[in-house]
Amino acid sequence: MPHRKGLSWLFTHAITRAPSDSVANGIRAVDTGNPSGAAFRAEHEAYVQALKAAGLTVDVLPALEDYPDSCFVEDPAFCLPEGAILLRPGADSRKGEAGEIRAALANRFAKVIEIPRNGHVDGGDVLMLDDEILIGLSARTDREGAMAFATLLGDWGYNARVAETPDGVLHFKTACSTLGEGVILATKPMIDSGFFGDRKVVAVPEGEDYAANVIRVNDVVLVPEGYPNTLRAIENAGFKAVVLPTHEARKVDGGLSCLSLRFALA
Ligand code: CIR
């Protein structure tokens, strides 16, 4: 069942949150040094400007020092045209972030609900396509949470499918993205997984796995700086790219998708 053409890439609004100084304590799998709050805020400002240039109205929420990873607003919520869903992030230090973003969602959506039942889901594990929503199981998203979320999405009329995120990948979307118009960008292990069936997939070139996390926003694809081969592959597939610095976000395993909730309001 097709949901809606452009559901996964035609947007009018975004919600973001400025990075805190406490982001220096953000969670990371491998320590490559602490991000600087000030440098991260400068990168974040460029990100917000790029979303605005792509045509979005952007709400920038104030930094939350109590939550080091709270600028990664994609993880505690999920937005659809019908309403917003507060998720249950899987990392203990991030559990309170859903409550912190509720008011900002209520400002934009008439309907804001909590994911039912138990279990955990991080928004970074949820890949929205135009005709299907994939929920990746990971260290942050367990089967109980994924099934509860899939059931809720089904009740709202969406096709949802639960998939196994390959080992060693933080979030499902760390390793794949929608480029829009039915095309996916993905790392080799994700392609080999067979999740994407016969969809058109652009492969992330060897050694550039971090660049699998991009976002298509209206006419452009936002791509992290420093991955020339992925940039070329995206452009060769016919997409217009805008390159953005993500050096500070990367130190705490963050990418371009994690930094915003994007949605279309009528
Ligand atoms: C975390 O480990 O939760 C943060 N340091 C990074 C979150 C990145 N979010 C995402 O990929 N959706």
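I looked up Arg28 first: at a relative accessible area of 19% it is buried, where buried means under 20%, exposed over 50% and partly exposed in between, with a 1.4 Å probe and protein chains only. Its partner in a salt bridge is Asp31, with the closest N and O atoms 3.1 Å apart. I take a salt bridge as a side-chain nitrogen of Lys or Arg within 4 Å of a carboxyl oxygen of Asp or Glu. Asp31 counts as exposed, at 57% relative accessibility.

I note the basis here: the model is predicted, local features need pLDDT of at least 70, side-chain atom pairs count only at pLDDT 80 or more, and totals for chains, interfaces and linings use all residues. Residues are numbered from 1 along each chain as its sequence is written, and side-chain values use heavy atoms, with hydrogens and water left out.

Next I checked Arg102 and Glu114, whose side chains form a salt bridge at 2.3 Å, N to O. This pair links distant parts of the chain, with Arg102 in helix 2 (residues 97–108) and Glu114 in strand 5 (residues 112–114), twelve residues apart. Helices (H or I, at least four residues) and strands (E, at least two) are DSSP runs, numbered from the N terminus. I list Arg102 as partly exposed, at 34% relative accessibility.

I then turned to Arg199 and Asp131, which meet in a salt bridge at 3.0 Å, N to O. Arg199 lies in the loop between helix 4 (188–192) and strand 11 (200–203), and Asp131 in the loop between strand 6 (126–128) and strand 7 (133–137); the two are 68 residues apart. Arg199 is partly exposed at a relative accessible area of 22%, and Asp131 is partly exposed at 31%. Through shared partners, salt bridges join Asp131, Glu132, Arg161 and Arg199 into one network. I recorded 17 salt bridges as the count by this rule.

Last, the whole chain. I find six helices and 15 strands in the protein. The radius of gyration is 17 Å, close to the 18 Å of the globule rule for 266 residues, so the protein is as compact as a globular protein of that length. That radius is taken over C-alpha atoms, and the rule is 2.2 Å times the number of residues to the power 0.38. The C-alpha trace spans about 40 × 40 × 35 Å along its principal axes. Of the 266 residues, 57% count as buried. With contact meaning heavy atoms within 4.5 Å, 70% of contacts between residues at least 6 apart in sequence join residues at least 24 apart.
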